[in-house]
Amino acid sequence: MIIKTSAQINKQQLIDNWAIVKYSTLDGSRDLSQDSGHFSIWKLSDNKICEYVNPIFEERKTCYDIKIENKSIRTSPKTFYEIEKLTNDTLIIIERLDGITGNDKIKKKWFVRTSKLQNEYLSTLKNDTAVVASAYFTPTLKKDIFFDVLERSVTNNDRNLSVKGNIIIYPKKQKINFQFESNDQSKKNSENIDFLKSIVEKSYQFWNLTGFEKYDQIILPYHIETQIRNNDGSKSSSMSFNFFKNDRKDLDKYQNRAIVIIENKKLAAEAYNKAMEALDKKKLDRAIELFNKAFDLNNTNVDALYNAASISLDKKDMPTACTALKKLKDFEQVEGTKLFNELCLKN
């Protein structure tokens, strides 16, 4: 794919920190590969992008080399981001991948400059001496301090941990207080929580507090969980973090969205391939069944639904076609919604 662009962009205006606030595909369909509430910040330099997927942990990032030229950010000889819009506060890019041409497959991202989001939040604080951290105005950890907590949860009777509360940082006193909600679960897991408390309260030197020096207290709400699993004699573990209060009002509109569930990508791909084989053999009912199965196993695969709908329409099987099209509408796919409204809402 070759897209010619002659206009230049202001590289210095582009080089900054940008927060992703919206995802879609080029035709306006929902990008099912992305979670609408997913945190992501791009730190753009002259020759590198670093993407941070957690506001607290500085080490959790992915970086790759880029070349900024004309109105594009090139990441490889065959892939680049086309800059559709760049203003003082807004960046909109279109992801261009070699061989991807369908408007419902090409991804589009909207960014806001993080300094704008910070200034908006700071304007609400006035002269407060205590500040509640938010996703875009928070202390960050220069080192992951929680690994030992997860290891202890595994070895301490395989007890899962779920604890909520506040981490309170005192920059002027150079100390940390770990507060947690007391309940039946926390009482049963008091040893692991006490260990977590000791780790956090000894971690002051690992926090980056740049910009917070004037505050007496920084309040960081948290919900920390560990999950221990035993599968066929092997043990696995994970630790999840939720920080801050949900102060993003723009997330409210996503609460009733159809939920993306990827049950098994491998089995979904196998079902899809078997559906294509059945289609080649003119076994249409079997193909529809397998396309629907592929979607049920991985409902980011909207192509499976479009195929099921297309075959059903050719067979004049409107109930089956409309069932598939209704799912496409629920998952906010533009063409599927259009077909559902045209074909399935008739009296």
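Two strands are taken to pair if DSSP finds at least two bridges between them. Helices (H or I, at least four residues) and strands (E, at least two) are DSSP runs, numbered from the N terminus. The model is a predicted one, in which local features need pLDDT of at least 70 and side-chain atom pairs count only at pLDDT 80 or more, while totals for chains, interfaces and linings use all residues. Residues are numbered from 1 along each chain as its sequence is written, and side-chain values use heavy atoms, with hydrogens and water left out.

Strand β7 (residues 79-86) has a partner in strand β6 (residues 72-76), with which it pairs in the antiparallel sense over four bridges. The two are joined by a hairpin through two residues, and Ser 76 has Thr 79 of β7 as its bridge partner. Strand β7 also pairs with strand β8 (residues 90-97), again in the antiparallel sense, over seven bridges. Here the hairpin from β7 to β8 runs through three residues, and Phe 80 has its bridge partner in β8, namely Arg 96. Strand β7 is mostly covered, since six of its eight residues are buried (buried means under 20% relative accessible area, exposed over 50%, and partly exposed in between, with a 1.4 Å probe and protein chains only). In a regular strand the side chains alternate between the two faces of the sheet.

A further set of pairings involves strands β1, β2 and β3. Strand β1 (residues 17-25) and strand β2 (residues 41-44) run antiparallel and are joined by three bridges; Asn 17 stands opposite Lys 43 in β2. Strands β2 and β3 pair in the antiparallel sense over four bridges and form a hairpin with three residues between them. Trp 42 has Glu 51 as its bridge partner in β3.

Two disulfides are counted, a disulfide being a pair of cysteine sulfur atoms within 2.5 Å. With bonded cysteines counted along the chain, the pattern is 1-2, 3-4. Cys 50 counts as buried at 11% relative accessibility, whereas Cys 63 counts as partly exposed at 35%.

Another disulfide joins Cys 322 to Cys 344, with S to S 2.0 Å. Cys 322 lies in helix α9 (residues 318-330) and Cys 344 in the segment after α10 (334-343), so the pair ties together parts that are 22 residues apart in sequence. The torsion about the S-S bond of Cys 322 and Cys 344 is about -95°, so this disulfide is left-handed. Cys 322 is buried, with a relative accessible area of 14%, and Cys 344 counts as buried at 18% relative accessibility.

Helix α7 (residues 284-297) packs against helix α8 (residues 302-314) at an angle of about 155°, with their axes 8 Å apart (axes are lines fitted to C-alpha atoms, for helices over the stretch in contact, and angles run from 0 to 180 degrees between N-to-C directions). Helix α7 is therefore roughly antiparallel to α8 (angles under 35 degrees count as roughly parallel, over 145 as roughly antiparallel, 65 to 115 as roughly perpendicular and the rest as oblique). Residues in contact (heavy atoms within 4.5 Å) include Phe 291 of α7 and Ile 311 of α8.
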